[in-house]
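Please consult the sequence and the structure shown below while reading.

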Amino acid sequence: MPPHEHMTGPWPRRRIPRPPAGSVPVDVALWGVLAAATGYGFRDAGAPSPFLDLLLPLAVLAVAVPLSRHRPGAAVVLVNGLCALGLADAATPANAQVLSVAVLSCLLGARVAGARGPLLVFVGCLVLDVATCAVLRVQPVWWFYTLAVLPAALLLPWLAGRYVRGRRELVREGWQLAHRLEERQHLVAERARLAERADIAADMHDSLGHVLSLVALRAGALELSPDLTDRDRADLAELRGTIADAVEHLRETVAVLHDAPDPEPEPEPEGKAGTAAGGPAHDTLEDLVARAVAFGVPVRWERRGTVPTLSPLVERGVSGSCRRP
């Protein structure tokens, strides 16, 4: 790091704010208009002074116009000093700087939101003008100019600038309100879409769960058939396991479609496939028959022929009192 960039003091460097690139031509154009008015007043003056009536006002305007972007009150004070300097003229108190005061006062109202600061600036300007008249002991016409024309040049353009600022803020707030309403409409549409997804998930869970429960029941009933071989029963058991996997995939699909799934889902009523902890592959025959009866399916239990060697699952189902007419 170079030595001049090493800073050990507690005070950081303050950067002077630079005006935006697009504001420089505007300031130049405004200065040109005010300078033309100053030159016109200098030409019509009776005994003009090139320094006091032309060069000094142009230099002050060159400082006040760009200063009005960051310190509009100070710019008004500077130009008002030119008006107070014009009160020392023995011919007439009026000069071309009244137009500059009016323009900068309008910019003050358009660029400053509060009213207390500008009003204090105006009071200070009027106190300076009145003090100048009192020190110079001017004629009554000069007093009328100081108490009527200069306050009007300060207050009326300032009120016009505040009106422009208020209208601009009202338009901006209207657009912001329109954007907020549009965002709210998008949120309502998104909520409706999520509710529709939740309804689709519930319908899938009800319809497919019911169908898979019936398929599991049929597979369990075929597993008890005495005409089946051990391989057929193994195939039926595998079929029931496949149904359990399908129910698990259905549960995952429903969880994805739901917009806000519960972290601890409530236990489903008996009769929905895959809602038990063990799934269809771990249900007993009694559970399958009871589930079918709960769905309104007529079930009749009969034992024919020699009872083959059954698996523990089937034995638990047969030993239970699950016969229904």
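Which residues does Cys-125 touch, not counting residues up to four places away in sequence?

## Cys-125 and its surroundings

The model discussed here is predicted. In it, Cys-125 touches Val-76, Val-77, Asn-80 and Leu-154, leaving aside residues up to four places away in sequence. Cys-125 belongs to helix 5, and a relative accessible area of 2% places Cys-125 in the buried class. Between Cys-125 and Leu-150 the C-alpha to C-alpha distance is 9.1 Å, although 25 residues separate the two in sequence.

With residues up to four places away in sequence excluded, Leu-154 touches Val-76, Val-101, Ser-105, Phe-122, Cys-125 and Leu-126.

## Overall architecture

The secondary structure of the protein chain consists of nine helices and zero strands. Read from the N terminus, the order of elements is α-α-α-α-α-α-α-α-α.

The protein chain has 325 residues, of which 30% count as buried. When contacts between residues at least 6 apart in sequence are considered, 69% join residues at least 24 apart.

## The largest nonpolar core

In soluble globular proteins, nonpolar side chains tend to be buried together. In the present model, the largest nonpolar core comprises 25 residues. Val-76, Val-79, Val-98, Val-101, Leu-104, Phe-122 and Leu-154 are the residues with the most contacts inside this core. At least two core residues come from each of helix 2 (50-67), helix 3 (72-86), helix 4 (97-111), helix 5 (116-136) and helix 6 (140-223). The most is given by helix 6, which supplies six residues.

## Packing of helix 3 against helix 5

The axes of helix 3 and helix 5 lie 10 Å apart, and the two helices pack at an angle of about 15 degrees. Because angles under 35 degrees count as roughly parallel, helix 3 is roughly parallel to helix 5. The crossing in which helix 3 passes helix 5 is right-handed.

On the helix 3 side, the residues in contact are Gly-73, Val-76, Val-77, Asn-80 and Ala-84. Their counterparts in helix 5 are Val-121, Phe-122, Cys-125, Leu-128, Asp-129 and Thr-132.

## Packing of helix 3 against helix 4

Helix 3 also packs against helix 4, at an angle of about 165 degrees and with the axes 9 Å apart. Since angles over 145 degrees count as roughly antiparallel, helix 3 and helix 4 are roughly antiparallel to each other. Their crossing is left-handed.

Helix 3 contributes Pro-72, Gly-73, Ala-75, Val-76, Val-79, Asn-80, Leu-82 and Cys-83 to this contact. These residues meet Gln-97, Val-98, Ser-100, Val-101, Leu-104, Ser-105 and Leu-108 in helix 4.

## The aromatic pair

How many aromatic pairs does a search of the whole structure find? The search finds one. The pair is formed by Phe-122 and Trp-158 in an edge-to-face arrangement, at 5.7 Å centre to centre and with 85 degrees between the planes. Phe-122 lies in helix 5 and Trp-158 in helix 6, so the pair ties together parts that are 36 residues apart in sequence.

Both partners fall below the 20% limit of relative accessible area that defines a buried residue: the value is 3% for Phe-122 and 6% for Trp-158.

Methods:
Residues are numbered from 1 along each chain as its sequence is written. This is a predicted model: local features need pLDDT of at least 70, side-chain atom pairs count only at pLDDT 80 or more; totals for chains, interfaces and linings use all residues. Side-chain values use heavy atoms; hydrogens and water are left out. A nonpolar core is a set of buried Ala, Val, Leu, Ile, Met, Phe, Trp, Tyr and Cys residues joined through side-chain atoms within 4.5 Å. Buried means under 20% relative accessible area, exposed over 50%, partly exposed in between (1.4 Å probe, protein chains only). Helices (H or I, at least four residues) and strands (E, at least two) are DSSP runs, numbered from the N terminus. Contact means heavy atoms within 4.5 Å. Rings of Phe, Tyr and Trp (its six-membered ring) pair if their centres lie within 6.5 Å; planes under 30 degrees apart count as stacked, over 60 as edge-to-face and the rest as tilted. Axes are lines fitted to C-alpha atoms, for helices over the stretch in contact, and angles run from 0 to 180 degrees between N-to-C directions. Angles under 35 degrees count as roughly parallel, over 145 as roughly antiparallel, 65 to 115 as roughly perpendicular and the rest as oblique. A crossing is left-handed if the near helix is turned anticlockwise from the far one by less than a right angle, and right-handed if clockwise.
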